[in-house]
Amino acid sequence: MDERQLRILRELGDLGSVSAVAEALHVTPSAISQQLRLLQRAIPLPLTERAGRRLVLTDAGQALAAAAIKVETALAQARHTVTDFAENPDGTVSLAAFHSAASAFFPILLRGLAEPGRPRLALADEDVAQDRVPALTRHYDLVLAHRLDHGPQWPRTVTAITLLSEPLDVALPADHVLASKPLLTPRDVADQPWITVHDGFPLMSIIEAIASVANRRLDIVHRVNEFAVVAEAVAAGGGLALMPRWTARPHPDVVLKPLGGVHARRDIDVLHRPERTARKAVRTVLAELHRAAAHIQGRDR
């Protein structure tokens, strides 16, 4: 049995004929009769009987029709609950981000959504390899992730929107011999020690491209994913590194120089499962993420 069949039985008890039920529900009498037959198959006792020209409910039918009222009431309450949840402007929205995006976006979001009546944020840092990012959308409403703008697309099971297309520069100590050059090439930097991310993270393919263009293997001495730690290591003379131009926190003893000869740019995307945006609170946070992205990019200007 289903909700539609129970409603038909209830209406039959009130109206007394298949044609009257069909008219009330805006369907054909044959459709009403078919649904009554399907419902009867699921019930071991007769639900209807003839009383002259009228079709009336048996005692079992009346009991089931009374239960149908409770079912419809419960379903209506459930729909109202879901609607209220979906339209609640200050519901909780969970958001995960990798470290540099968290550092750049989280403070802006917290300030922008601080007023009463705005969504409540539940923030988390999640720094995982690119192939593990889509699975995070099972646990969070929104996920900030990065990938190279010419790299593999996210799977179709998630919705992905690009917030920023961010250049990746070479980070080097302010007193480094290359710090005075306005533009660096792979040959300029290929003979230097390097600090890189771990395997499986997007930036590694740019490191490999630098080595390929320079036709030599890079000397990778340290592997660190957190850009704040990378900046400290660069400043201390631990090696050169690739760092994002807008989302990494500036370091007074580190300079960033554009890199030519390779495609050094990443997209910062927001990922979510399509059904998440049925909630007004999630849509509000998405809009705030776009405003935050424009603010972050505007700092460079």
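A residue is termed exposed when its relative accessible area is over 50%, and buried when that area is under 20%, with partly exposed in between. The model discussed here is predicted.

Q: Why is Asp 199 called exposed?
A: The relative accessible area of Asp 199 is 55%. Exposed requires over 50%, and Asp 199 is therefore classed as exposed.

Q: What makes Arg 223 partly exposed?
A: Arg 223 has a relative accessible area of 34%. The term covers values between the buried limit of 20% and the exposed limit of 50%, so Arg 223 is partly exposed.

Q: Why is the contact between the side chains of Arg 223 and Asp 199 called a salt bridge?
A: The N to O distance is 3.4 Å. A side-chain nitrogen of Lys or Arg must lie within 4 Å of a carboxyl oxygen of Asp or Glu, so the pair Arg 223 and Asp 199 qualifies. This pair links distant parts of the chain, 24 residues apart: Arg 223 belongs to strand S8 (residues 219-223), and Asp 199 to the loop between strand S7 (193-196) and helix H7 (204-214).

Q: Which strands does the salt bridge of Arg 147 and Asp 269 link?
A: The closest N and O atoms of Arg 147 and Asp 269 are 3.4 Å apart. The pair links Arg 147 in strand S5 to Asp 269 in strand S11, 122 residues apart. Both Arg 147 and Asp 269 are buried. In total, the structure holds 12 salt bridges.

Q: Why is Thr 196 counted as buried?
A: Thr 196, in strand S7, has a relative accessibility of 4%. Buried means under 20%, so Thr 196 is counted as buried. Among the residues that Thr 196 touches, leaving aside those up to four places away in sequence, are Met 204, Ile 207 and Arg 223.

Q: Why does Glu 11 count as buried?
A: Glu 11 lies in helix H1. Its relative accessibility is 18%, and the limit is under 20%; Glu 11 therefore counts as buried. With residues up to four places away in sequence excluded, Glu 11 touches Gly 16, Val 21 and Leu 25.

Q: How do you know that the buried residues of H2 lie on the same side of the helix?
A: In helix H2 (residues 18-25), Val 18, Val 21, Ala 22 and Leu 25 are buried. These residues cover an arc of only 100 degrees around the axis, and so they lie on the same side of H2. They pack against helix H1 (3-15), helix H3 (29-41) and strand S2 (54-57).

Q: What makes Ala 67 partly exposed?
A: Ala 67 is in helix H4 (residues 59-87). Its relative accessible area is 33%, which falls between 20% and 50%, so Ala 67 is partly exposed.

How values were computed:
Residues are numbered from 1 along each chain as its sequence is written. This is a predicted model: local features need pLDDT of at least 70, side-chain atom pairs count only at pLDDT 80 or more; totals for chains, interfaces and linings use all residues. Side-chain values use heavy atoms; hydrogens and water are left out. Buried means under 20% relative accessible area, exposed over 50%, partly exposed in between (1.4 Å probe, protein chains only). Helices (H or I, at least four residues) and strands (E, at least two) are DSSP runs, numbered from the N terminus. The arc is that of the directions from the helix axis to the C-beta atoms. Contact means heavy atoms within 4.5 Å.
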